Amino acid sequence: MDVKTDFREAKIRRGKLAEAAPEAMKAFGSLKDSVLKEGTLPLKTKELIALMLAQATRCMPCIMTHAQNAIDAGVTREEVAEAIEVAILMGGGPAASYGGIVLEVYDQLKSK
């Protein structure tokens with residue numbers, strides 16, 4: 001898996017969708033900006049939640065996006081690993097399989 005190339009390609013596809021459906025993507029971007037800001041929950045916590053939901057739904061572009069956002073928010077590898085443990089508790093085998101993917105994505109993006 002080449003996460004950096006996959007992530008770049010996902011951004012390109014998202015850009016093409018924004019060109020094709022600008023109003024919907026602008027609205028989605030506004031929702032994202034509204035939700036993913038410091039509040040009662042710190043951004044770091046929100047990004048861990050988003051990353052684990054991406055894991056649970058098996059959305060690779062979401063995993064890549066929120067792994068990068070988590071890195072940018074200061075989430076450590078140890079915090080990601082502990083959050084993956086909770087996801088495995090709640091999601092069983094599929095969560096364990098995708099937990100390894102999440103950790104690999106985090107590691108590759110962190111090593112830029």
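Phe28, Leu31 and Val35 make a nonpolar surface patch of about 310 Å². A patch here is built from residues with over 30% relative accessible area and no salt bridge, joining nonpolar side chains (Val, Leu, Ile, Met, Phe, Trp, Tyr) within 5 Å and like charges within 9 Å. Accessible areas come from the Shrake-Rupley method with a 1.4 Å probe, and for residues only the protein chains shown count as cover. A salt bridge means a side-chain nitrogen of Lys or Arg within 4 Å of a carboxyl oxygen of Asp or Glu.

Please keep in mind that this is a predicted model, where local features need pLDDT of at least 70, side-chain atom pairs count only at pLDDT 80 or more, and totals for chains, interfaces and linings use all residues. Residues are numbered from 1 along each chain as its sequence is written, and side-chain values use heavy atoms, with hydrogens and water left out.

Valine 35 has a relative accessible area of 45%, so it is partly exposed; buried is under 20%, exposed over 50%, and partly exposed in between.

Now look for charge. Lys11, Arg13, Arg14 and Lys112 form a positive surface patch. Lysine 112 is found in the segment after helix 5 (77-110), and is exposed because its relative accessible area is 65%.

Finally, turn to the cysteines. The whole structure holds 1 disulfide, a pair of cysteine sulfur atoms within 2.5 Å. Cysteine 59 is joined to cysteine 62, S to S 2.3 Å. The torsion about their S-S bond is about 60°, so this disulfide is right-handed. Cysteine 62 is partly exposed, at 29% relative accessibility.

Methods:
Lys, Arg positive; Asp, Glu negative; His and termini not counted. Charge placed at Lys NZ, Arg CZ, Asp CG, Glu CD. Helix = DSSP H or I, 4+ residues; strand = E, 2+ residues; numbered from the N terminus. Buried < 20%, exposed > 50% of the residue type's maximum accessible area, 1.4 Å probe, protein only.
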